[in-house]
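Dear colleague,

Please find below the structure that I am handing over to you. My findings follow directly after it.

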Amino acid sequence: RGLLELTLRRDGYLLHVATDADEALSISKQLQSTLALLVTDINLPQMGGRELAEHIRARHPLTKVLFISGHLEEPSPTGAVNSDCFLQKPFTPSMLSATVKAVLGKL
């Protein structure tokens with residue numbers, strides 16, 4: 001999470017950083033503006049990243065999602081939205097920057 005935050009702040013993005021899914025949901029409920037991008041691991045302790053994305057999209061339907069995972073294969077497209085993207089761990093800051101830019105460029 002630290003590398004993500006450091007890289008994206010350096011790239012000039014405004015971030016809302018959560019330590020877990022519950023905090024992410026709480027933050028999303030408080031936001032009055034559109035949430036452009038959710039970056040989440042697919043495997044979270046409290047709920048899966050896809051479930052988190054569904055909950056956030058219920059409030060912010062235009063939110064794009066970048067799933068990250070250390071698993072060797074890209075996740076199944078079940079439940080995926082065509083604006084979703086996947087980034088395999090480990091990745092470099094430049095890979096993260098390029099992927100976020102590409103996903104947001106699909107607006």
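In this predicted model, four bridges join strand S2 to strand S3 (residues 85-88), and these two strands run parallel.

Taken together, the strands form an open sheet of three, in the order S1-S2-S3, with parallel pairing. S1 and S3 are the edge strands, each pairing on one side only. From one strand to the next, the twist averages 20°. Helix H4 packs on this sheet and touches S1, S2 and S3. The direction of H4 makes about 175° with that of S3.

How much of S2 is covered? Six of its six residues are buried. Lys64, Leu66 and Ile68 point one way from the strand, while Val65, Phe67 and Ser69 point the other way. In general, side chains in a regular strand alternate between the two faces of the sheet.

I turn next to the nonpolar cores. The largest has 16 residues, of which Leu38, Leu52, Ile56 and Phe67 touch the most other members. Helix H2 (21-30), helix H3 (49-59) and strand S2 (64-69) each supply at least two residues of this core, and H2 gives the most, with four. Leu38 also deserves a separate look: leaving aside neighbours within four places in sequence, Leu38 is in contact with Leu52, Ala53, Ile56, Thr63, Lys64, Val65 and Leu66. A second, separate core has 12 residues, including Leu8, Phe91, Val100 and Val103.

Lastly, I would draw your attention to Thr99, which is found in helix H4 (residues 93-104). Why does Thr99 count as buried? Its relative accessible area is 16%, and buried means under 20%; Thr99 is therefore classed as buried. Apart from neighbours within four places in sequence, Thr99 is in contact with Leu66, Cys85 and Leu87.

With kind regards

Conventions: Residues numbered from 1 in each chain as written. Predicted model: local features only at pLDDT ≥ 70, side-chain atom pairs only at ≥ 80, totals over all residues. Heavy atoms only, no water. Core = buried A, V, L, I, M, F, W, Y, C linked by side-chain atoms within 4.5 Å. Buried < 20%, exposed > 50% of the residue type's maximum accessible area, 1.4 Å probe, protein only. Contact = heavy atoms within 4.5 Å. Pairing = 2+ DSSP bridges. Axes fitted to C-alpha atoms, helices over the stretch in contact; angles between N-to-C directions.
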